[in-house]
Each structure stands twice: as C-alpha cells, then as structure tokens.
Amino acid sequence: MENKWEYDYSGIYQNPYTPNNPIPPSGPLGGPDPSAPAPQSPEPPKKSGKGKKIGLSVLALVLVGAVSFGGGFAGYKLASKGKNDRVVYQAAPPSNLGTSSTSVNTGLVAVSEAVGPSVVVVTTDKVVMDNFWGGTRVVSGAGSGVIYTADGYIITNNHVIEGAQNITVKLNDGTEYTATLVGSDPQTDVAVIKIDGTGLVPAVLGDSDHVQVGEEVIAVGNPLGTLGGTVTNGIISGMNRSINIGGREMTLMQTNAAVSPGNSGGGLFNVNGELIGIVNAKSAEENTEGLGFVIPVNTARQVAQDLIENGFVTGRPMLGIKVQTIADPQTAMQFGVQSMGVYIMEVTPGSGAEAAGLKVGDRILSVGDKIVESSDDVLNALNGYAAGDEAVLRVVRGQTIITANVTLNERPSDGN
C-alpha cells in the first residue's frame, strides 16, 4: 500500500489576488476548491535504513492549501552579527514543572503555561506570477516557530519560510513583529528568523539524545493557521526514524501527539518543559493516525547556531560536480547518452572531483557504499561525511568502470 505523507503543511491557506484586480479565493480558507480533482503525485523513492534506523518512504504527496513556495532565500548573515558574537540560549533545567504520570493533569497544565510564551505564530507572503489571470498574485502561508533567544532569534522550518518575501511573527500575547530571515538549511529543514524584540521567553532546550520511547510529550503550535498556542499531548513513539522527505534523507523522532497543518516549526516539549524537537512532518495516509515526525532539538540547535554565526551550515562536504539524472529515453536522447543514470554535467575547477580526475559525461554508479540512481542519491550519500574526508566514487566512462578517490571540499553558503 502506498504511503502518503504531509510534509510542507506550513501553507495552510491561500489569499491570491492581483494588485489591480483582486481575485476571491475559491476554497473555504482561501485555498483551492475542495471539489477540484487532487493533483497527481509521483511515486515515492525507495530507500533503506541501517542499524537502528527504520526506513520509511515519506513524500510531500499532500500539500495542504496547495501553497507552493519555490525558490527560497539564500542563507545569509545579518550585517550586524559578527562571527565571534555570542548567542545566548537558555539550556538550564527549569523549575520543577513536570510531575510523574500519576499526576498528569496538574503536570501538563503547568508545562503548557510555562512553554506557551516560547512558541509563536509565523505567517508568510510571497508574490508569484499568475499564469491563468496574468500579472502577479500573493500567496500566504502559516506555520509556527520557537523562540531561541531572549533577543529575538526564532527557530522554524525551512519549508515554512522558503521563498517568502514577507515574514510576520505573532507572540502568544498578540504582539506582532516583522521578521528577517537569518539563514535556512533545506537538508535538515531548519531555519532561523529574527525579530527586533527584547525580553522574550526562550524555550529551555533539552537533550534529544536522552529521549526515550514512551516518554510523555506535548506539541505546541498553530494548527490551521488560526489556532496559535494549541497544545496536544502524546508520547515518543520511535527514535532515529530514517525518513525520506522530498528526496532528502532525515533522521527524525516519531510522536503520536496530534499535529496538523500549521504545526510546522512548532515545539515538542517533555514533561519538564524542555524543548526536545521541532515538528516538521506527519502522515497523510487515509488509514493511519498518530504518525508525526520531529527534528531532534540537538540537530536543530547545532544548525541554528551555525546559521546565526555564519549564515550557513559549516563543515558540509561537496564533491565539486553538477549532475543530471537521466530517467527516461526522451531525456537520454536529448543528452545523447545510451544508458539511464546520473551523469556529471560540470566539474568545479580546483575541486576534489577535478583533482580525482572526474570528467563531464561520467556516469556515477556509487558514492562510498551507496548506489546512485538519482541526483538526490548523490547528495544523500554524503550524509555522514565531513569536509576533508575522502569519498570513493565508481563511475562509467565509455565502456570502462573507473574508481576515483575524491577529497571533499567544504560546501560554501550558496553551494548545492
């Protein structure tokens, strides 16, 4: 049975209009007409997990609200932030908020009251071309975010803010701010935005390495884009789930706490009021319930620090090539090749790939111990490597299989 998943459920409503000729929305929340036929979706790629990881195929087959935020902002560094500036986040354990499972009601009320001010509503606007009516229109989306520092750094999902030209943050007391994008990382689906606020209430960061299956948790977010501050509870259902979302492999925690469109970027907290994860995906399979996925807070914290201090995630490796997936006879004919596969289209001068002798036209068979069948496979095969490591590539050149030992360069801020 085919799995269906919701991933990019930040865009939960649309408000399309042209500046000179407003167009009323067709759906109940300004989204697409519910009576319209659902778009056809590609089959999810087949992946496998290793060790304790459980392999699942997760694809954005259901985009709630049909808001497509293409492009995205490149990660950048705030001009006012120097590389040596210190960012102070709250990591000390809070006062005794949580209680044992024998006193659930009292404990969860206290935790909900304590963590509520740390979770915000994030709304976005993007101007896009309207191919049907002509001109431009604005599409709006909504998600959630978690306050990282008292001076206004906020963690959310990359897919919540990707491509947005305007980002607004609303605190739980109703105060609104215009936010600036500090940096984003599609690989981990983590982004950091900044508001000019002071005296905010940052989340207390826990340690996701010590989270256990069966541990009670609450999720706080903005379901449907209109219900900010909503609290749902559940347990940790699984750890180290190897999930493929939109072609990118991620290692996530699993929870049965109810999450809905708009919860993306919100927080998952333990009974001590500590943030242990950032919500980013859920199951959309008709016959499944309680399958939510969360970015571990240790991953989110590491990425957020790098984005704040450098504008991008440092130490990420790159091969120094651009590739093209040839998946059908028509594309093969277009590029003048005989076999399907992943072909090198460009080799970066001065890169490890050039030094290893890779050439344009080489067909990649494997990177390390990972078989390559798509360009996403090439990127995912680099997971676990760091800049300076050596990766062994097997490529086909003409009728010969060649082995190349590539020393991986560090991926720059605009590297793909």
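Helices (H or I, at least four residues) and strands (E, at least two) are DSSP runs, numbered from the N terminus. This is a predicted model, in which local features need pLDDT of at least 70 and side-chain atom pairs count only at pLDDT 80 or more, while totals for chains, interfaces and linings use all residues. Residues are numbered from 1 along each chain as its sequence is written, and side-chain values use heavy atoms, with hydrogens and water left out.

**Figure 1. Overview of the protein.** The secondary structure comprises 6 helices and 24 strands. Of the 416 residues, 48% count as buried; buried means under 20% relative accessible area, exposed over 50%, and partly exposed in between (1.4 Å probe, protein chains only). Among contacts (heavy atoms within 4.5 Å) with a separation of 6 or more, 65% are between residues 24 or more positions apart. The protein exposes about 19600 Å², of which carbon and sulfur atoms supply 50%. Accessible areas come from the Shrake-Rupley method with a 1.4 Å probe; for residues, only the protein chains shown count as cover.

**Figure 2. Strand E14 and its two partners.** In a regular strand the side chains alternate between the two faces of the sheet. Strand E14 (residues 267-270) is covered on both faces, with Gly267 and Phe269 buried on one side and Leu268 and Asn270 buried on the other. Strand E11 (residues 216-221) pairs with E14 in the antiparallel sense over 4 bridges; two strands pair if DSSP finds at least two bridges between them. Within this pairing, Asn270 in E14 stands opposite Val217. E14 also pairs with strand E15 (residues 274-283), again in the antiparallel sense, over 3 bridges. The bridge partner of Phe269 in E15 is Leu275. The hairpin of E14 and E15 has 3 residues between the strands, and Gly273 takes a positive phi near 80° there.

Figure 3. The 14 residues of H3 should span 20 Å at 1.5 Å a residue, and the end C-alpha atoms are 19 Å apart, which agrees. The expected span is 1.5 Å times one less than the number of residues in the helix. Because 11 of its 14 residues are buried, H3 is largely enclosed by the rest of the structure. The buried residues include Val297, Ala300, Val303, Leu307 and Ile308. The buried residues of H3 pack against strands E6 (153-156), E8, E9 (190-194), E10 (204-205), E15 and E16 (292-296). Just after H3, Gly311 takes a positive phi of about 85°.

**Figure 4. Salt bridge between Arg316 and Asp185.** A salt bridge is a side-chain nitrogen of Lys or Arg within 4 Å of a carboxyl oxygen of Asp or Glu, and a search of the whole structure finds 3. The side chains of Arg316 and Asp185 meet in one of them, at 2.8 Å from N to O. Arg316 lies in the loop between helix H3 (297-310) and strand E17 (317-318), and Asp185 in strand E8 (residues 176-185), so the pair ties together parts that are 131 residues apart in sequence. Both Arg316 and Asp185 are buried.

Figure 5. The side chains of Arg397 and Asp362 meet in a salt bridge of 2.8 Å, N to O. This pair links distant parts of the chain, 35 residues apart: Arg397 is in strand E22 (residues 390-397), and Asp362 is in the loop between helix H5 (352-355) and strand E20 (363-367). Arg397 is partly exposed at a relative accessible area of 28%, whereas Asp362 is buried at 1%. The side chains of Lys170 and Glu176 also meet in a salt bridge (3.8 Å, N to O). Glu176 counts as exposed at 52% relative accessibility, and Lys170 is partly exposed at 35%.
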